[in-house]
Each structure stands twice: as structure tokens, then as C-alpha cells.
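I opened my notebook today to look around a protein chain. Here is what I looked up, entry by entry.

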Amino acid sequence: METKTFKNVIIGFGKAGRALAKSLSQHGEDVVIIEREQAMYGGTCPNVGCAPSKTLIVAGHKNMGFKEAMTTKYKVREMLHNGAYHGAADEPLVSVIDGIARFINQHTIEVDNHGEISRVTGERIFINTGATPVIPEIAGIHEAKNVVTSEGAMDLDSLPEHLVIIGAGYIGLEFAGMFNKFGSKVTILEPHETFLPKEDRDVAEIILNDLKESGVEVHLGVAIDKITDDSVVAGGKSYPANKVLVATGRRPNISELRLENAGVALWDNGYIKVDDTLKTSSDNIWALGDVRGGGQFYYLSTDDFRIVNNQLFGDGSRLLSDRTIVPYSVFITPTLSHVGLDEQEAQRLGVNYRLFKMAAAPIVKTKVVQEMRGLLKALVDPETEEILGVTLYHEDSHEVINLVSLAMKMHTPYTVLRDQIFTHPTMGEGLNDLFQNEVK
Ligand SMILES: Cc1cc2nc3c(=O)[nH]c(=O)nc-3n(C[C@H](O)[C@H](O)[C@H](O)COP(=O)(O)OP(=O)(O)OC[C@H]3O[C@@H](n4cnc5c(N)ncnc54)[C@H](O)[C@@H]3O)c2cc1C
Ligand SMILES: NC(=O)c1ccc[n+]([C@@H]2O[C@H](COP(=O)([O-])OP(=O)(O)OC[C@H]3O[C@@H](n4cnc5c(N)ncnc54)[C@H](O)[C@@H]3O)[C@@H](O)[C@H]2O)c1
């Protein structure tokens, strides 16, 4: 059996892995990336995640038909896939090996490329294998012919007339908006009673109302009984379905890795256990991205790369624990974005705050773009005047939230954003208004 030896081995061609491969090569170190599927070079985000889904959402906003949107999505995907592949693979000291990786021991990995077995050894090993959809145990889910995950939903030949979505999380809500815009009749079924449980109730209620008004049916607190070829039965009621999208979370890709052979331990929730430097319980093995838990976002995988890269080639000061301000955006319409504390969390923690709140409609840009729905909220520390957290539910909030994150990171008092000169008409100007609207 052929054995190849490298200083560095990366398992999975995800975001962190490819950034690290490039950096290792540029620092004069050889490195191999092992990827199980050529179509996944570049990982989830460019191929079956963020980029294709957002391309379809934007295509819907531009009133493209489903077929044209799909064609655009395939083009974007190809561009990003090629860019991601060549960005790493064209580096002189980077090799790519196709196949499923599994540990033989702490330094040796077996690679199975459709039955052809080879071995790779490495001084350092980096696991960046991402996550995969959870398929819950629902009667008929494996037999019914119309069940898809997010990946399948973005590869459909035709628009389903009735789409039932199981799960009202990120994927469920984003895909509901997307398919609703293309013209499907969308029904969301969610077993929890509480819609968007992590958000403040006033924010969640407005979003739920907007979603329903846009034509999406939402049923909360319903147990899913079974899936058939043309329906989903939940809470004793049958919902017609030409397609059923299962969007019930994603679990780490570890089942094939045989981590026990390398002494790599897991957290109780099944993700790979890491320390503050992202090192696993084996001292030559690191884990980065979705596979280690701690938030499944492209930009966190990027930041995991920064931590490991800083440990290898920098001053070693970057740690996981210094990542305190992490924004997120849910690409519904308009977008929901958040960073820091919200009211329910501040109250739970007993944190004192001043509250600022306003509807989006008074912001001039909302009229210009004819998207007047939305709400803005901010919490400010009464002592320091620093921003504790902001929730933005409005057009382009996914851009504006990054400005707020920066202000928070720089410990900027809220008055700076209140008095900042913003260009006009922009959604950023909303921050001028928000920080003048204190709720007393
Ligand atoms: C539909 C959808 C939409 C999303 N939208 C957003 C968004 O808008 N914004 C955002 O920030 N995040 C979004 N995400 C999440 C984001 O895509 C992920 O958090 C991110 O891509 C994770 O990157 P990663 O580096 O952990 O690994 P990944 O990019 O998942 O890469 C892991 C790679 O490892 C390979 N692999 C797995 N097991 C093995 C093995 N044993 N051997 C060899 N190779 C293996 C896989 O094939 C894959 O290519 C979305 C996800 C989905 C599914
Ligand atoms: N905009 C973004 O950044 C973005 C977009 C898409 C996905 N993502 C990432 O991908 C991850 C996965 O997304 P997701 O929507 O699949 O997961 P999620 O965790 O966001 O939501 C899963 C939903 O499914 C429900 N659910 C769980 N088990 C169920 C069951 N057995 N039956 C019915 N419903 C069930 C949950 O109550 C929850 O509402 C997200 O957590 C996020 O990190 C991010």
C-alpha cells in the first residue's frame, strides 16, 4: 500500500482548511488536503451552503423565475468552487488527495478513494470536515420519494407547487422566503411552541407576522407524525407536499473519521473537543470549523483558521476565548441581524441596560427601496455608554450589523453612532435615529 508523508495533513477542504493550506505553503511547509468528494472542493459554503442559497434568495428579489435563478446559481457555484479550489491547490507546496479519511493512529490516516486505499502520515493533522444535515426519525422519512435536505432543495429541476419545510431554524426560514418568492405554497412545521426562541419576543412576533403576511403558513408546536409521497401529517392534520425539506439542524462529520484511533475526544454534544487554541485531546491534532461545534458559520471557520495560523506563525496571542463579539444574520426578507446581548438575555443575566428602539419605516432608505418592514433595538450600558447589543430587522441589516460589531469591539460609546455622518440615503443612517429613540 502506498504511504505518503507530509508535514501537515488537512482533512476536509472547508474554509478553515483551505486558508490554512495556503498559509502553510506560503510559510514553506508542505501540506496535503484530503477531500472525500471532488464536487465539494472548497467545502459547504460555496458549493451547497451560503453562496448558492443567497444567490437564489437574491435572484428571487430580482424577480427572476425559478429556472433562471437556478442557472445563475449554478454559474455562481462554479465560479466560487473553482476559486476556492485553485486558491489553495495552486500553491506550490499544497497537494490534494481524493477520498474519505480515517485515522489509523495519531499520525497515520487511511484514505479510501472508492475502494482504492492509500495512507498518509503527518506531523500535524487538522480536522476540518464540517457538518451534515440531521435526519430525524420520522415515520416514512426514508421511504417517501419527495424528501430533500437543503442541498437537494437547491438542485430541483422544477418549482414545487407545495413545499413543506420541517424546522423553523436558519435554513427553514431562509428557504421558506426563497421558495415563497418563487411562487411555491410554503408551509413550515415546527415542533417547538416558541418561534425564534433566541430572539426577543417583540422581534420574533413581528417576523412571524411578516412571514405569514407574505403568504407562508407557519404551524408551531406541532409533532410531525409521518411523511408520505405527497403529504406531511403533523398534529393529526395532513399538509399537501410535492417536496418536503428537512431542515432540523446539522451534526458534525465525524462518523467516518475513527477518532478513537487517534485519541481525539468529543464533547458531550458529539462535537470534537478542543482547547482555547483549537487543539484536540491529541497534541498534534487540531479541529476547526463546524466539526468542533461553537456555531456553524462560514466566518467562524475563517476565524478558527486565524487562531491556528496565529499559533503556528504569529505571536500565539489569538485564542478562542477572545472571540466575544459574534454577529449573525438570517437571510429572511428583510434580513434579521443581531450582535451581543438582547433584552431577554440581559434580563436573564441581570445586566442593567438602557433600551433604544424604533420601527424601520421612518428611515428614508426603506421608502426608496420600498421595504418599510422592520424593527431596530439596542441595549446600552448605563455606566460606560458602550453598546451591549443590537438587533436589526430591516433591509440590508446584514451590512449594517458589521458596523455595530466593530463599534462594540472598539468599545465605542453609542453616541458616536448617534452622531456619525452617514451617506444618504442608506440603511446605516438608521443608527443615527435608533440611538436617539430611548425607551424610558
Ligand atoms: C444551506 C446552508 C446555508 C448556509 N448559509 C450560511 C450563511 O449564509 N452564512 C454563514 O456564515 N454560514 C452559512 N452556512 C453554514 C456554513 O456553510 C458552514 O458553517 C461552513 O461552510 C462550515 O465550514 P467548515 O470549514 O467547517 O467545513 P465545510 O465547508 O463544511 O467543509 C468540510 C469538508 O470536509 C469534507 N469531509 C467530510 N468528512 C470527510 C472525511 N472523512 N474525509 C475527507 N473529507 C471529508 C466535506 O466533503 C467538506 O468538503 C450555511 C449552511 C447551509 C447548509
Ligand atoms: N444565515 C446563516 O448564517 C445560515 C443560514 C443557513 C444555515 N446556517 C447554519 O446552518 C445550521 C443548520 O441550520 P438548520 O436550519 O438546519 O438548523 P437550526 O438549528 O437553525 O434549526 C433547526 C430547527 O429544526 C427544529 N427541529 C429540530 N429537530 C426537529 C425534529 N425532529 N422535527 C422537526 N423539527 C425539528 C428545531 O426546533 C429548529 O427550529 C444553522 O444552525 C446555522 O449555523 C447559517
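The entries below go from the whole protein down to single residues.

**Ground rules.** I am working with a predicted model, in which local features need pLDDT of at least 70, side-chain atom pairs count only at pLDDT 80 or more, and totals for chains, interfaces and linings use all residues. Residues are numbered from 1 along each chain as its sequence is written, chains are lettered from A and ligands numbered from 1 in the order in which they are written, and side-chain values use heavy atoms, with hydrogens and water left out.

**Overall shape.** I looked up the helices and strands and found 13 helices and 23 strands. Both are DSSP runs numbered from the N terminus: helices are H or I with at least four residues, strands are E with at least two. The radius of gyration is 23 Å, close to the 22 Å from the globule rule for 440 residues, so the protein is as compact as a globular protein of that length. That radius is taken over C-alpha atoms, and the rule is 2.2 Å times the number of residues to the power 0.38. Along its principal axes, the C-alpha trace spans about 70 × 55 × 40 Å.

What share of the 440 residues counts as buried? I noted 53%. Buried means under 20% relative accessible area, exposed means over 50%, and partly exposed is in between (1.4 Å probe, protein chains only).

**The cores.** Next I looked for nonpolar cores, which are sets of buried Ala, Val, Leu, Ile, Met, Phe, Trp, Tyr and Cys residues joined through side-chain atoms within 4.5 Å. The largest has 43 residues, and V9, F103, I109 and I127 touch the most other members. Helix α1 (residues 15–26) gives this core its largest share, five residues. A second, separate core has 39 residues, including I57, F66, M70 and L375.

I then picked I109 and listed its contacts (heavy atoms within 4.5 Å). Leaving aside neighbours within four places in sequence, I109 is in contact with residues including V9, I11, I34, F103 and V120.

**Two loop residues.** Is N284 buried or exposed? N284 sits in the loop between β16 (250–252) and β17 (285–287), and at 6% relative accessibility it counts as buried. Beyond its neighbours within four places in sequence, N284 is in contact with Q106, H107, G122, E123, R124 and I125. I also checked N284 against E383: they are 99 residues apart along the chain, with 45 Å between their C-alpha atoms.

G215 is in the loop between α7 (201–213) and β11 (217–220). This glycine counts as partly exposed, at 31% relative accessibility. With neighbours within four places in sequence set aside, G215 is in contact with N180, K185 and V186.

**Backbone details.** Which peptide bond is cis, with omega near -10 degrees? The one from T333 to P334 is, and P334 is in the loop between β18 (328–330) and β19 (336–340). The bond from H424 to P425 is also cis, with omega near -5 degrees. P425 lies in the loop between α12 (414–419) and α13 (430–434).

Last, I looked up phi angles. H114 has phi near 50 degrees, a positive value in a residue other than glycine. H114 is in the loop between β5 (108–113) and β6 (116–127), and at 79% relative accessibility it counts as exposed. D396 has a positive phi too, near 60 degrees. I found D396 in the loop between β22 (387–393) and α11 (397–409), where it counts as partly exposed at 25% relative accessibility.
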